[in-house]
Amino acid sequence: SPPPPVPRRARPRGHARARAMGNWACMPSVDDTDDSRSSTGRRRYLRHNVDHLIYVCADLKEGMASVERLLGVAPTIGGRHSRWGTWNALVSLGPTTYLEILAPDPQATEKPQDMFWERFEPSRLATYAVRTPLSGGATAFRTQVKRLASYDIGEPLEGARELQGDRGTLKWTICNTYGARAVGDGTVPFVLDWHDSFDKKMHPAQTAPRAGTLVSLTATHPDGPKFAKIIRALGSPVQVTKAPAIKLEAKIRLANGETVTLT
């Protein structure tokens with residue numbers, strides 16, 4: 001008679017599966033890539049879709065110095081945003097994730113058309129962005145989130161910046177409720193679509209100096225649970241727990257193995 005079948009190891013579920021995932025209890029590894037494409041040929045992004053973190057500060061150079069002291073790597077200047085009167089600096093936190101240091105632009109000569117962010121003091125980790133599930137899919141994603149959570153991610157706005165050294169034009173689409181107070185005081189992310197920037201090796205995570213790897217991202221808010229449905233619809237793996245303080249906290253593993261906290 002044939003030998004009995006070998007029992008398969010059961011896949012952990014619920015809390016057991018969360019424990020098995022270690023630091024990313026609710027978040028697949030930032031190095032867990034997915035290079036597949038949809039039936040239309042558009043690139044699928046990673047299962048983990050946290051695109052970047054935003055650290056706000058009143059003075060960009062001071063913010064850059066603070067981040068360098070924490071991470072041991074000097075950020076590089078990114079560009080200016082005339083629409084919002086801001087400028088930024090960048091460091092990479094892995095192959096698909098980066099940290100943006102954002103501050104008011106002292107050289108802005110025009111009044112901003114609207115506000116991307118309201119308050120730059122005190123310096124802090126203020127919000128984050130997620131990517132659309134498919135490149136070129138901002139409009140379809142907007143429709144999907146409305147259906148799932150009755151939430152509007154905002155009108156898609158095209159943006160572009162010429163990269164230094166004749167490296168081409170970086171293009172993106174940002175969806176944000178411009179001029180309105182950030183939903184969840186920044187604990188609910190806004191949405192970006194980078195089109196073909198990953199294929200062209202032009203995404204900021206690929207071009208900015210590497211400072212480490214994002215290990216985890218957590219958030220607290222007095223009304224945290226009421227944002228859960230929106231955050232799930234956005235595909236964000238970050239859970240907002242109820243607590244008196246509004247706070248985002250990122251754990252970053254440095255090249256030497258040390259893990260530091262950015263808040």
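**Stop one: the largest pocket**

By class, the residues lining the largest pocket are 15 nonpolar, eight polar and five charged (nonpolar here is Ala, Val, Leu, Ile, Met, Phe, Trp, Tyr, Cys and Pro; charged is Asp, Glu, Lys and Arg; the others, Gly among them, are polar). The model is a predicted one, where local features need pLDDT of at least 70 and side-chain atom pairs count only at pLDDT 80 or more, while totals for chains, interfaces and linings use all residues. Residues are numbered from 1 along each chain as its sequence is written, and side-chain values use heavy atoms, with hydrogens and water left out.

This pocket holds about 490 Å³ of space. Select H81, W84, N88, E100 and W172, the closest to its centre among the 28 lining residues. Next, colour β6, which supplies the largest share of the lining, five residues.

A pocket is an open set of points on a 1 Å grid over the protein atoms alone, where a 1.4 Å probe fits, with protein on both sides within 12 Å along at least five of seven lines; lining residues have an atom within 4 Å of a point. Its volume is the space filled by probe spheres set on the points, which are joined across faces, edges and corners.

**Stop two: H52**

Now pick H52, in strand β1 (residues 50–56); strands are DSSP runs of E, at least two residues, and helices runs of H or I, at least four, numbered from the N terminus. Is H52 buried or exposed? H52 counts as buried because its relative accessibility is 2%, and buried means under 20%, exposed over 50% and partly exposed in between (1.4 Å probe, protein chains only).

Show the side chains of D51 and E100 as well. The H52 side chain makes polar contacts with that of D51 at 2.8 Å and that of E100 at 3.1 Å. A polar contact is a pair of N or O atoms within 3.5 Å, one able to donate a hydrogen and the other to accept it within protein; residues adjacent in sequence count only if both atoms are side-chain atoms.

**Stop three: T139**

Move to T139 in helix α3 (residues 138–149). With 55% relative accessibility, T139 counts as exposed.

**Last stop: the second largest pocket**

About 310 Å³ of space lies here, in the second largest pocket. Select W117, R119, R124, D185 and I246, the closest to its centre of the 14 lining residues.
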